Amino acid sequence: MLYDWIKAFHVIAVIAWMAGMLYLPRLFVYHCDAPKGSPQSETFKVMERRLLKAIINPAMIAAWVLGLVLVWQGGWWKAGWFHAKFALVFILSGVHGAYARWVKEFAADCNTRPARFYRVWNEVPTVLLIGIVVLVIVKPF
Ligand code: HEM
């Protein structure tokens with residue numbers, strides 16, 4: 001019973017984390033088209049910082065903490081699907097780290113990358129999300 005409650009809040013945290021991870025690179029794409037120092041650019045800076053600090057960071061911490069409690073309670077650390085899921089979640093957390101770095105670069109007006117770069121990176125969390133959900137629901141191995 002308690003396990004199911006923890007799982008429910010794990011999924012809620014994951015949804016918030018993924019929503020932010022899918023939206024933030026879209027903001028980067030639009031930010032690239034805003035001239036440095038313009039009011040639009042300053043607005044994007046505020047939106048990016050708030051999205052990262054208020055949603056993405058706390059949601060990631062909650063997803064990790066609750067996910068690790070589920071591993072411990074369910075004894076999943078021996079399961080093959082969990083090893084694969086863990087690897088993908090680890091990569092997703094690395095992508096999160098890269099996004100956080102790019103927020104800082106935009107905040108300092110130091111971005112030199114084109115919008116196309118962020119369009120490509122926008123797809124990475126989607127691909128990881130598909131893999132993670134299939135692994136945890138289907139548990140193919
Ligand atoms: C941050 C590290 C994470 C850990 C340690 C973790 C671990 C777990 C564990 C052990 C379960 C319970 C599985 C079961 O009872 O069958 C679970 C459930 C789930 N996880 Fe995660 N998870 C993490 C992140 C994620 C992410 C990033 C996603 C999606 C992108 C995700 C999606 C889900 C879903 C949808 C379930 C519910 C599956 C079900 O029982 O139907 N998790 N997680």
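This is a predicted model: local features need pLDDT of at least 70, side-chain atom pairs count only at pLDDT 80 or more; totals for chains, interfaces and linings use all residues.
1. The structure holds 3 salt bridges. Salt bridges that share partners join E42, K45 and D109 into one network, and the next points take that network pair by pair.

2. K45 and E42 form a salt bridge whose closest N and O atoms lie 3.1 Å apart. Both sit in helix α2 (residues 39–74), and because they are 3 residues apart there, about one helical turn separates them. K45 counts as buried, its relative accessibility being 12%, whereas E42 at 35% counts as partly exposed.

3. D109 also forms a salt bridge with K45, and here the closest N and O atoms are 3.2 Å apart. This pair is worth a look in the viewer, since it links distant parts of the chain: D109 belongs to the loop between α3 (80–107) and α4 (115–138), K45 to helix α2, and the two are 64 residues apart. With 31% relative accessibility, D109 counts as partly exposed.

4. M1, L2, W5, F9 and I12 make a nonpolar surface patch of about 630 Å². One of these residues, I12, lies in helix α1, which covers residues 2–32.

Methods:
Residues are numbered from 1 along each chain as its sequence is written. Side-chain values use heavy atoms; hydrogens and water are left out. Patches are made of residues with over 30% relative accessible area and no salt bridge: like charges are joined within 9 Å, nonpolar side chains (Val, Leu, Ile, Met, Phe, Trp, Tyr) within 5 Å. Accessible areas come from the Shrake-Rupley method with a 1.4 Å probe; for residues, only the protein chains shown count as cover. A salt bridge is a side-chain nitrogen of Lys or Arg within 4 Å of a carboxyl oxygen of Asp or Glu. Helices (H or I, at least four residues) and strands (E, at least two) are DSSP runs, numbered from the N terminus. Buried means under 20% relative accessible area, exposed over 50%, partly exposed in between (1.4 Å probe, protein chains only).
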